[in-house]
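Trainee: Could you walk me through one part of this model up close, the place where the helices meet the sheet? I'd like to know what sits where.

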Amino acid sequence: MERWREEGLPVRLWAVPDGVFYGLLVLEGRLAVSGRRLDSDGLMEWLVLEQGVAVVSGRAFGWEPPGTCVLRLSYGMLEQGVLAEALERLATGLRRLARS
């Protein structure tokens, strides 16, 4: 996450995962694709369709503070290589959104 923030991506972890198999990624600011503002559900759908990475919208858990998108990233049963690939796809998608 720190590397992503250094790149200028508006992301942070809701809390540092401690003994759990998921993390909550908070994206601050407005995210849009082709002029359409994305909420957590829209971002989840876009990431699956455009980047091939599955996440769960924080809205499904009641997590979406105003002005943010929240994504739940589950990683408990993933092999390290698969997790690394998924995180790279996620970062690539977030970089695409940051440039638009």
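**Helices against a sheet**

Mentor: Let's start with helix α3, residues 80–99: its 20 residues reach 29 Å from first C-alpha to last, close to the 28 Å expected at 1.5 Å a residue. Helices here are DSSP runs of H or I with at least four residues, strands are E runs of at least two, and both are numbered from the N terminus. The expected span is 1.5 Å times one less than the number of residues.

Keep in mind that this is a predicted model: local features need pLDDT of at least 70 and side-chain atom pairs 80 or more, while totals for chains, interfaces and linings use all residues. Residues are numbered from 1 along each chain as its sequence is written, and side-chain values use heavy atoms, leaving out hydrogens and water.

Back to α3: Leu90, Ala91, Gly93, Leu94, Arg95 and Leu97 are buried there. Buried means under 20% relative accessible area, exposed means over 50%, and partly exposed is in between (1.4 Å probe, protein chains only). In the loop between β6 (68–74) and α3 you'll find Leu78, which counts as partly exposed because its relative accessibility is 36%.

Now the sheet. It is open, with four strands in the order β1-β2-β6-β5 and antiparallel pairing. Its edge strands, β1 (11–13) and β5 (56–57), each pair on one side only. "Pair" here means that DSSP finds at least two bridges between two strands. In general, strands of a sheet pair through backbone hydrogen bonds, either parallel or antiparallel. Between β2 and β6 there are seven antiparallel bridges, with Leu25 opposite Leu71 in β6. On β6's pairing with β5, the count is two bridges, also antiparallel, and Val56 stands opposite Arg72 in β6. Six of the seven residues of β6 are buried, so this strand is largely enclosed by the rest of the structure.

Across β2 (22–28), β5 and β6 lies helix α2, residues 40–51, running at about 50° to β6. That angle is taken between N-to-C directions, on a scale from 0 to 180 degrees, using axes fitted as lines to C-alpha atoms, for helices over the stretch in contact. The end C-alpha atoms of α2 are 15 Å apart, which agrees with the 16 Å its 12 residues should span at 1.5 Å a residue. Its buried residues are Ser40, Gly42, Leu43, Trp46, Leu47 and Gln51. Seen down the axis they fall within an arc of 155°, so they line one face of α2; the arc is that of the directions from the helix axis to the C-beta atoms. These buried residues pack against β2, β3 (31–33), β4 (36–38), β5, β6 and α3, where contact means heavy atoms within 4.5 Å.

Finally, the largest nonpolar core has 19 residues, and Trp4, Leu25, Leu27, Leu43, Leu47 and Leu94 touch the most other members. Such a core is a set of buried Ala, Val, Leu, Ile, Met, Phe, Trp, Tyr and Cys residues joined through side-chain atoms within 4.5 Å. β2, α2, β6 and α3 are the elements that give two or more residues to this core, and α3 supplies the largest share, four residues.
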